[in-house]
Amino acid sequence: MAVGVLALQGSYNEHIAALRRIGVKGIEIRKAEQLRGVDSLIIPGGESTTMAKLAELHNLFPALREFVGSGKPVWGTCAGLIFLANKATGQKTGGQDLVGGLDCTVHRNFFGSQLQSFEMELSVPKLAEKEGGTSTCRGVFIRAPAILEVGPNVEVIADCPVSSEQLKVAIPTSDGQEEKEFTNNRVIVAVKQGNLLATAFHPELTSDSRWHRYFLAMVEEAKEEATPSEVMVKYDLYGDGNDRAKKPYDLPIFE
Amino acid sequence: MADNNGVVAVYGNGAGELSEPSKNLATLSGKVGLARMLRGGVIMEVATPEQARIAEEAGACAVMAVEHVPADIGAQGGVARMSDPALIRDIKRAVTIPVMAKARIGHFVEAQILQAIGVDYVDESEVLTQADDQHHINKHNFKAPFVCGCSDLGEALCRIGEGAAMIRTKGEAGTGNVVEAVRQVRAVMGAIRSLRTMDDDEVFAYAKKIAAPYDLVMQTKQLGRLPVVQFAAGGVATPADAALMMQLGCDGVFVDSGIFKSRDPVRRARAVVQAVTHHTDPKILADVSTGFEEAMEGINLKDSRTERFARRS
């Protein structure tokens, strides 16, 4: 079955290209009805405020929350991670809507603005264990968020060191009354909680397809757990945006 | 080569040689990667922190900080320069989305200043008065990514050769008239289409004819598109205009005077954002186009008194 990719804004084309490289079809999702026809979803990188606004205008939040709650696998990269988090700090004035579901606190633009974007080799032994390859992977961080704290059921897959020049950030404590300063010297950048996967960096901008394979393995596991009486109905709602004949060519991957 | 298995292209500052994996995203390839997060979005020109907040609220994926929108520059005459850094800092503090700012063509010190105050992108803009009428900035020297205007494929590839990480059409800024932007998008796309079917042996002479670096022309031929993110700009005033540019093949849209010069900027901003996301859905486009008071008063380009920004290159 195809994997849905939320196509409101951002790097959805990059995810679809990455899926294509491993032989899986990606479907662009822009409306709530389209979610019914896929059994997994990727929320791409981009601007989370833009995606939140569009999701709100087209009433996507209830459908997204239901999708997450139903146990179907969802993967959020960067802006997608912010969408899935239960709590987010560093938001715009007035805050922004979140889908929620991932028990963690995420800080938007943790590392700074564009000029502080960077790339680093991340140590990912858990990924290498499941998908092979080297025990490090290339992490591309673009105005990236970072996960400050996680709940007990969340599995940390990768973290990254915080430089001493990093601006101090404050996180609200669990009772919401005060803020304490974040003092760890590492932040978490990839987590998994049940059916949810979240990364603060962009695997779709690299040629390493292990993260996409890891996500597809999650999708396979979820399918095995589905009861046989579930009926898979195909919804043919994709006629408008997925006409490949007219689609422009895509940008390359830079190594 | 540009079939859909995922072309892995290696980029080395346009010199065509292999480069090491970059730890620092300030290589051209890294900067292009940064721009990809803006795809499918709308970048709005704002002159005050309040306008910036309206833009962010409406769903803009970035804002362009300007002191005067192009429609006013045209009307006032005189020399238009980089904005006051204090204004740019105020706008940066007001929003959480990326902030871009303009520098004059060739004015590398204005670009250094903008980079020093931490803007996310620098726009080397023909809307400001040209500082150097022969040469553009050597954008490879900067950590900040640059966006540059073009009116045809040759110009686009020249700018990319100089280090631009993102290209937009020049259009005719400040007029609310989208005809020039459309003409330029069609010029670029049309040239790429004919380039794709060209015999490889003919590309040498073609590169000379359009006065563009050969390596970039060849790379464009293989990819079937520009190797960088391409936005439309200049004269986009309505949601339908924005969807038109997306359907013509652009990755996103800049809106300059069109939003804050209209009578209902909040609704119009939101409508343009929706139009870009749902650009293939006419029903949604119809919904977001209804009920507006007047769009910005446009300028008809056939009027010989109007000066053309796009002639500056």
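Which residue caps the N-terminal end of α4(B)? D84(B) does, with a side-chain oxygen 3.0 Å from the backbone nitrogen of A86(B). This is a predicted model, in which local features need pLDDT of at least 70, side-chain atom pairs count only at pLDDT 80 or more, and totals for chains, interfaces and linings use all residues. Residues are numbered from 1 along each chain as its sequence is written, chains are lettered from A and ligands numbered from 1 in the order in which they are written, and side-chain values use heavy atoms, with hydrogens and water left out.

**The two chains**

- Chain A has six helices and 15 strands. Chain B has 13 helices and nine strands. Helices (H or I, at least four residues) and strands (E, at least two) are DSSP runs, numbered from the N terminus.
- Of the 255 residues in chain A, 59% are buried. In chain B, 61% of the 313 residues are buried. Buried means under 20% relative accessible area, exposed over 50%, and partly exposed in between (1.4 Å probe, protein chains only).
- The accessible surface is about 10,400 Å² for chain A, with 48% belonging to carbon and sulfur atoms. For chain B it is about 12,200 Å², with 49% belonging to those elements. These areas come from the Shrake-Rupley method with a 1.4 Å probe; for residues, only the protein chains shown count as cover.
- Take contacts between residues at least 6 apart in sequence, where contact means heavy atoms within 4.5 Å. In chain A, 70% of these join residues at least 24 apart. In chain B, the share is 66%.

**Nonpolar cores**

- The largest nonpolar core has 124 residues. Such a core is a set of buried Ala, Val, Leu, Ile, Met, Phe, Trp, Tyr and Cys residues joined through side-chain atoms within 4.5 Å.
- The residues with the most contacts inside this core come from chains A and B: F83(A), F111(A), F141(A), W211(A), L114(B) and M245(B).
- Helix α6 of chain A (residues 210–225) gives the most to this core, with six residues.
- A second, separate core holds 26 residues, including V32(B), L153(B), A191(B) and A212(B).
- Leaving out residues up to four places away in sequence, L114(B) touches M82(B), I88(B), A101(B), K102(B), A103(B), V119(B) and V122(B).
- In soluble globular proteins, nonpolar side chains tend to be buried together.

**Helix α4 of chain B**

- This helix spans residues 85–94, and L87(B), I88(B), I91(B) and A94(B) are buried in it.
- These four cover an arc of only 120° around the axis, so they sit on the same side of α4(B). The arc is that of the directions from the helix axis to the C-beta atoms.
- The cover over the buried residues of α4(B) includes β2 (42–46), α2 (49–58), β3 (62–65), β4 (99–104) and α5 (108–116) of chain B.

**D123(B), a buried acidic residue**

- D123(B) lies in strand β5 of chain B (residues 121–125). It is buried, with a relative accessible area of 1%.
- Not counting residues up to four places away in sequence, D123(B) touches M64(B), A101(B), K102(B), A103(B), V147(B) and R168(B).
- The side chains of D123(B) and R168(B) are joined by a polar contact of 2.9 Å. A polar contact is a pair of N or O atoms within 3.5 Å; within protein, one must be able to donate a hydrogen and the other to accept it, and residues adjacent in sequence count only if both atoms are side-chain atoms.
- D123(B) and M166(B) are 43 residues apart along the chain, and their C-alpha atoms are separated by 9.3 Å.

**Loop residues**

- C78(A) sits in the loop between β4 (74–77) and α4 (79–84) of chain A. Its phi is near 55°, a positive value in a residue other than glycine. C78(A) is buried, at 5% relative accessible area.
- A211(B) is in the loop between α8 (203–210) and α9 (214–223) of chain B. Phi of A211(B) is also positive, near 55°. A211(B) is exposed, at 52% relative accessible area.
- S70(A) is in the loop between α3 (61–69) and β4 of chain A. S70(A) is partly exposed, at 46% relative accessibility.
- A polar atom of the S70(A) side chain lies 2.8 Å from the backbone oxygen of F67(A).
- S70(A) and G194(A) are 124 residues apart in sequence and 11 Å apart in space, C-alpha to C-alpha.
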